[in-house]
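Reader: Could you walk me through this one? I'd like to start with the fold and then turn to the charged pairs.
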Amino acid sequence: MLRLNGVPEARREAGSLLAHVLGHDRSFILSHAEDAIGEKQSELFHGYLQRRAEGEPLQYITGHQEFFGLDFEVNRNVLIPRPETELLIENALKLCATAAEAPFICDVGTGSGCIAITLVHELPQSRALALDISPEALAVAERNADRHSIGDRIKFLVSDCFGALNAQDAQQTPFDLIVSNPPYVENGAMAGLQREVRNFEPHTALVAGDDGLAVIRRLLSDGGSFLKTGGFFLFEIGFNQAPAVEQLIDGESWRLLGILADLQGIPRTVALEKLT
């Protein structure tokens with residue numbers, strides 16, 4: 001069924017769905033391939049196969065995705081965490097390694113919370129404020145924070161970019177680090193995305209104007225007001241956006257530390273330091 005409907009790695013995905021139904025990992029399934037399953041389990045399994053054949057991502061069916069060694073709840077209110085975002089985590093941790101104090105972090109557009117939660121999990125004593133325009137996404141993120149026992153170190157706030165923050169308060173307790181995986185897909189590019197993304201993942205977390213840079217412009221314009229001098233700002237960009245993003249960076253406000261390539265060699269993570 002999956003192969004006929006164009007699902008890549010159909011056998012592996014079917015095995016993952018069966019493992020989810022039975023509550024075991026895929027190695028158990030392979031070693032018990034001849035075992036029969038119950039009628040209710042069979043019905044559930046075939047229902048999952050049908051959903052996957054129609055394009056629904058495996059992660060939304062199982063409700064889980066691993067990211068940086070941690071398990072995250074996901075549903076259709078949040079983007080599915082992707083391996084390339086781990087690059088942002090790795091570089092944020094390197095930048096924070098030289099800090100004298102545990103950082104105060106702001107994650108803009110937190111979604112599942114994977115970035116903020118992973119950083120707080122990896123950085124003892126750190127704190128974070130996680131922002132998202134979607135209350136439904138924040139509910140998922142809060143559950144993920146509790147899942148990893150760090151809910152007391154992260155505050156969640158409904159906010160359109162930095163819109164809900166008070167600039168005066170930010171001057172008193174500015175962030176050491178701002179991170180974001182913002183929407184960066186062009187309006188006209190949605191039709192060309194994989195059906196799993198186009199038909200199931202939240203469009204508000206994907207699309208950002210005709211050139212895909214509408215949210216990034218806002219982050220660059222407003223982010224410095226909430227960041228300490230010498231603080232860092234890391235964010236993701238689309239595969240062809242590096243030249244345009246470089247043009248948006250104000251050299252008097254920001255030092256470009258680099259635009260880091262992912263494992264496919266695509267410029268993916270912009271790293272900035274606040275100058276003034």
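Author: In this predicted model, S4, helix H7 (residues 135-147) and S5 make a right-handed β-α-β unit, where right-handed means that, with the strands pointing away from the viewer, the path from the first strand over the helix to the second runs clockwise. Helices (H or I, at least four residues) and strands (E, at least two) are DSSP runs, numbered from the N terminus.

Reader: In which sense do S4 and S5 pair, and over how many bridges?

Author: Strand S4 (residues 127-132) and strand S5 (residues 154-158) pair in the parallel sense over 5 bridges, pairing being called if DSSP finds at least two bridges between two strands. Ala 130 stands opposite Phe 156 in S5.

Reader: What about cut-offs and numbering?

Author: Because the model is predicted, local features need pLDDT of at least 70 and side-chain atom pairs count only at pLDDT 80 or more, while totals for chains, interfaces and linings use all residues. Residues are numbered from 1 along each chain as its sequence is written, and side-chain values use heavy atoms, leaving out hydrogens and water.

Reader: Switching topic, how many salt bridges are in the whole structure?

Author: The search finds 12 salt bridges, each a side-chain nitrogen of Lys or Arg within 4 Å of a carboxyl oxygen of Asp or Glu. One of them joins Arg 52 to Glu 13, with the closest N and O atoms 2.5 Å apart. Arg 52 lies in helix H3 (residues 39-53) and Glu 13 in helix H1 (residues 10-22), so this pair ties together parts that are 39 residues apart in sequence.

Reader: Which residues are networked with that pair?

Author: Glu 13 and Arg 52 are linked with Arg 195 and Glu 196 in a network of salt bridges.
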